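Please look over the sequence and the model before reading on.

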Amino acid sequence: MTKRKTALEGVYIIEPEMFGDHRGWFTETWSKRNFEELGLYYDFVQDNHSFSSKKGTLRGLHFQKGEYSQAKLVRCVRGSILDVAVDLRHESFTFKKWVAVELSAGNHRELLIPRGFAHGFLVLSDVAEFCYKVTDFYHPNDEGGLSYKDPDLKVEWPIEEGMILTISEKDLHWGSFAEYTEKIEKNTHFFKSSRM
C-alpha cells in the first residue's frame with residue numbers, strides 16, 4: 001500500500017498492493033496497521049455503499065459540520081467516477097481549493113479525505129458503485145452542502161456534450177461558497193479540523 005500527495009494537505013491517493021494470478025486478484029483495501037505505517041491515523045466507524053444507475057449522476061458537494069465532520073476513505077468498485085474534495089478549513093493555506101481524482105474499478109485507487117472537506121463525485125460510466133469509510137456517524141442536524149456549480153469554487157466537472165445530469169433535489173438547492181464563508185466568519189467552531 002502506498003500513498004501519494006495531492007495538491008491539498010492531508011488528501012492522499014491510496015494505492016493498495018494487488019496480488020493476482022490466473023484466478024484473479026486479491027487486495028487489502030484498508031489496514032489500520034498499514035495506514036499507521038504510512039503515518040495515517042484514522043478510526044473509521046462505518047462503511048457506506050452507494051449505487052448510481054446512470055452516467056452523469058452527480059452527488060455533492062456534502063459535508064458535516066463541527067464535531068461531527070467526517071474523514072472519508074473512498075473508492076469505486078464498479079464503473080468509474082470523478083471524485084472531488086474541496087478544502088473548507090478556513091485556517092488552511094489551501095482553503096477554497098479543490099482536487100479531483102478519477103477512481104475506478106480498474107485503477108483500484110482510493111482517496112483519503114480528512115475532516116473539514118466537502119466531497120462529491122460525478123459518475124463517468126453507465127453505472128457505478130461507490131464504497132467509503134467514515135470516521136463519524138451521520139448527523140442530519142449537522143449536514144451541510146455547497147452548490148456543485150458554485151461560481152467561486154469553479155469545480156471543473158467533466159460534463160460531456162449531451163450528458164444529462166442526474167442530481168437530487170437537495171443537491172440542487174445547496175447554498176453558495178460565499179454563504180458558507182459568511183457562516184464560518186460568524187462561528188469559528190463551524191469546523192474543528194484538528195481531529196482526524
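A residue counts as buried when its relative accessible area is under 20%, as exposed when it is over 50%, and as partly exposed in between. By that rule arginine 109, with a relative accessible area of 25%, is partly exposed. The model is predicted, and it holds nine salt bridges. Three of them are described below, by the residues that form them.

**The bridges of glutamate 15**

- Glutamate 15 pairs with arginine 4 in a salt bridge, and their closest N and O atoms are 3.4 Å apart.
- This pair links distant parts of the chain, since arginine 4 belongs to strand 1 (residues 2-5) and glutamate 15 to strand 2 (residues 12-15), eleven residues apart.
- Glutamate 15 also meets arginine 109 in a salt bridge, at 3.8 Å from N to O.
- Arginine 109 sits in the loop between strand 9 (98-104) and strand 10 (110-113), whereas glutamate 15 is in strand 2, so this pair ties together parts that are 94 residues apart in sequence.

**Exposure of these residues**

- The relative accessible area of glutamate 15 is 28%, which means that this residue is partly exposed.
- Arginine 4 has a relative accessible area of 35% and is likewise partly exposed.

**A separate pair to look at**

- Aspartate 87 and arginine 89 form a salt bridge whose closest N and O atoms are 2.9 Å apart.
- Both aspartate 87 and arginine 89 are buried.

**The network**

- Through salt bridges that share partners, Arg4, Glu15 and Arg109 are joined into one network.

Definitions and conventions: Residues numbered from 1 in each chain as written. Predicted model: local features only at pLDDT ≥ 70, side-chain atom pairs only at ≥ 80, totals over all residues. Heavy atoms only, no water. Salt bridge = Lys/Arg side-chain N within 4 Å of Asp/Glu carboxyl O. Helix = DSSP H or I, 4+ residues; strand = E, 2+ residues; numbered from the N terminus. Buried < 20%, exposed > 50% of the residue type's maximum accessible area, 1.4 Å probe, protein only.
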